[in-house]
Amino acid sequence: MSKLKEEIKSKDAAQEKLEIYLRTVAHIGHVEISVTNFEKSLWFFTEVMGLVLTESEGDRAYLRAWQDFDHHTLVLKASNTSEVNRMGWRVSSKESLELFENQLNEMNIDYQWVEGGRKKALGDALHFKSPSGLPIELYWEKELFVTDDPMLKSNLPSHPSKYTGKGVSPRRFDHVNLMVNDVKKEQQWWTDLLGIHHRYYIQNKEDVRLGSWLSRTNIAHEMALMRNSNQDGAAFHHLAYYLDSPDELIRASNLMAENDIKIEWGPGKHGTSGAQFIYVIEPSGHRVEIWTGGFLIFSPDWEPIEWSSEVGQLGLEMWGSTPPETYLTYGTKIGE
Ligand SMILES: [Fe+2]
């Protein structure tokens with residue numbers, strides 16, 4: 001008898017496996033950031049980046065890229081500090097949320113339920129923090145983007161809104177990147193609790209983990225964790241939107257220069273993901289990455305790839321540039 005058959009003979013073991021299967025996230029959905037210069041940041045994300053403003057209400061604006069199917073992938077909130085307030089992950093089934101609640105209770109992790117409707121376009125959500133204090137939001141229900149505006153409505157059913165070519169005009173929201181003191185510990189927690197696969201990582205000569213890249217879907221990463229070289233806690237490093245081609249990345253670089261937006265680093269190419277990038281600082285101080293390319297992962301038993309200290313530099317940038325000091329030390333705050 002195979003090992004699996006032996007295991008599923010036990011109802012408890014089968015139940016446990018089913019629970020773990022159901023208790024997982026499906027994909028990253030959105031990021032909410034507070035901004036000190038709301039008007040200027042909104043201008044940057046709508047006019048320079050070319051994101052679509054789904055709606056604004058009070059001190060918040062809800063934005064998405066032209067082929068983001070959801071109501072929003074980015075929330076801007078007016079504030080007197082620039083920080084990340086929440087990273088939203090959709091869970092893999094309706095049942096997942098309660099299974100996660102059970103698991104959080106077992107692990108003695110504090111959490112709060114946020115009732116559906118209290119947050120724009122979202123159903124019930126579960127809020128809690130990672131060991132490094134990263135604010136997580138799990139949800140199942142989220143409204144899709146729909147419009148009757150002839151300026152936005154596309155003839156193509158696969159396009160939730162028209163490709164207008166306005167500003168950078170990225171196709172979709174891609175990932176977030178956070179700095180933490182202990183990358184290895186944080187990565188293991190995200191993989192063990194949330195089922196987000198570990199894709200690749202960089203170790204230094206002293207065998208300290210400098211970075212880990214994780215995803216639940218087949219893109220190279222939906223979240224990155226980088227070692228905070230200041231070792232002063234967690235910080236928000238960047239959010240990223242995806243473009244179709246290197247031509248568009250060069251066009252985006254020109255648009256940044258013309259609009260007085262500082263390009264911190266790039267264009268360059270990460271060896272790890274194979275993606276080409278620029279990093280810019282938006283008007284309230286958050287770092288934003290625009291990128292294109294990168295490999296996809298299809299294997300269900302993927303083993304994380306190690307980039308050792310000998311090849312680590314190629315992983316960071318393979319054409320010869322080195323990141324400015326700020327890239328390794330600067331981030332915005334993590335919200336309460
Ligand atoms: Fe990135």
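Two residues are in contact here if their C-beta atoms, placed from the backbone, lie within 7 Å. The views below show a predicted model.

**View 1. Ile290 and the largest nonpolar core.** Leaving aside neighbours within four places in sequence, Ile290 is in contact with Val168, Pro170, Tyr241, Leu243, Leu249, Ala252, Phe277 and Ile278. Ile290 is also one of the residues with the most contacts inside the largest nonpolar core, which has 76 residues. Others with the most contacts there include Phe45, Leu63, Leu74, Leu76, Leu138 and Leu178. Strand β13 (residues 235-243) gives this core its largest share, 7 residues. In soluble globular proteins, nonpolar side chains tend to be buried together.

**View 2. The open sheet of 9 strands.** The strands follow the order β14-β15-β16-β13-β9-β12-β11-β10-β17, and their pairing is mixed. At the edges are β14 and β17 (305-307), each of which pairs on one side only. On average, neighbouring strands of the sheet are turned by 20° against each other, direction ignored. Helix α5 (residues 183-194) packs on this sheet and touches β9 (172-180), β10, β11 and β12 (223-227). The direction of α5 makes about 15° with that of β11.

**View 3. Strand β11 and its two partners.** Strand β10 (residues 197-203) and strand β11 (residues 209-215) run antiparallel and are joined by 6 bridges. Within this pair, Tyr200 stands opposite Trp213 in β11. Strands β11 and β12 also pair in the antiparallel sense, over 4 bridges. Here Trp213 stands opposite Ala224 in β12. Because 5 of the 7 residues of β11 are buried, this strand is largely enclosed by the rest of the structure. In a regular strand the side chains alternate between the two faces of the sheet.

**View 4. The turn between β10 and β11.** The two strands form a hairpin with 5 residues between them. Asp207 lies in this loop. The phi of Asp207 is positive, about 65°, although this residue is not a glycine. Most residues other than glycine have a negative phi. Asp207 has 9 other C-beta atoms within 10 Å, and a residue with 12 or fewer counts as exposed. Asp207 is therefore exposed.

View 5. Ser169 is found in the loop between β8 (135-139) and β9. Its phi is positive, about 55°, although Ser169 is not a glycine. Ser169 has 21 C-beta neighbours inside 10 Å, so it counts as buried. The cut-off for a buried residue is 20 or more.

View 6. Helix α6 (residues 246-258) lies across β13, β14, β15 and β16 (287-293) and runs at about 15° to β15. At 1.5 Å a residue, its 13 residues should span 18 Å. The end C-alpha atoms of α6 are 19 Å apart, which agrees with that span. After α6 comes Asp260, whose phi is positive, near 60°.

**View 7. The two sides of helix α6.** The buried residues of α6 are Leu249, Ala252 and Met256. Seen down the helix axis, the buried residues fall within an arc of 55°, so they line one face of α6. These buried residues pack against β13, β14, β15 and β16. The face turned away from the buried side carries the exposed residues Asp247, Asn254, Ala257 and Glu258.

View 8. The peptide bond from Gly266 to Pro267 is cis, with omega near 5°. Pro267 has its place in strand β14. Most peptide bonds are trans.

**View 9. His270 between β14 and β15.** His270 sits in the loop between β14 (263-269) and β15 (275-281). His270 counts as buried because it has 20 C-beta neighbours inside 10 Å. Leaving aside neighbours within four places in sequence, His270 is in contact with Ala275, Phe277, Gly315, Leu316 and Glu317. From His270 to Gln313 there are 43 residues in sequence, while in space the two are 9.2 Å apart, C-alpha to C-alpha.

Key: Residues are numbered from 1 along each chain as its sequence is written. This is a predicted model: local features need pLDDT of at least 70, side-chain atom pairs count only at pLDDT 80 or more; totals for chains, interfaces and linings use all residues. A nonpolar core is a set of buried Ala, Val, Leu, Ile, Met, Phe, Trp, Tyr and Cys residues joined through C-beta atoms within 7 Å. Two strands pair if DSSP finds at least two bridges between them. Axes are lines fitted to C-alpha atoms, for helices over the stretch in contact, and angles run from 0 to 180 degrees between N-to-C directions. The expected span of a helix is 1.5 Å times one less than its number of residues. The arc is that of the directions from the helix axis to the C-beta atoms.
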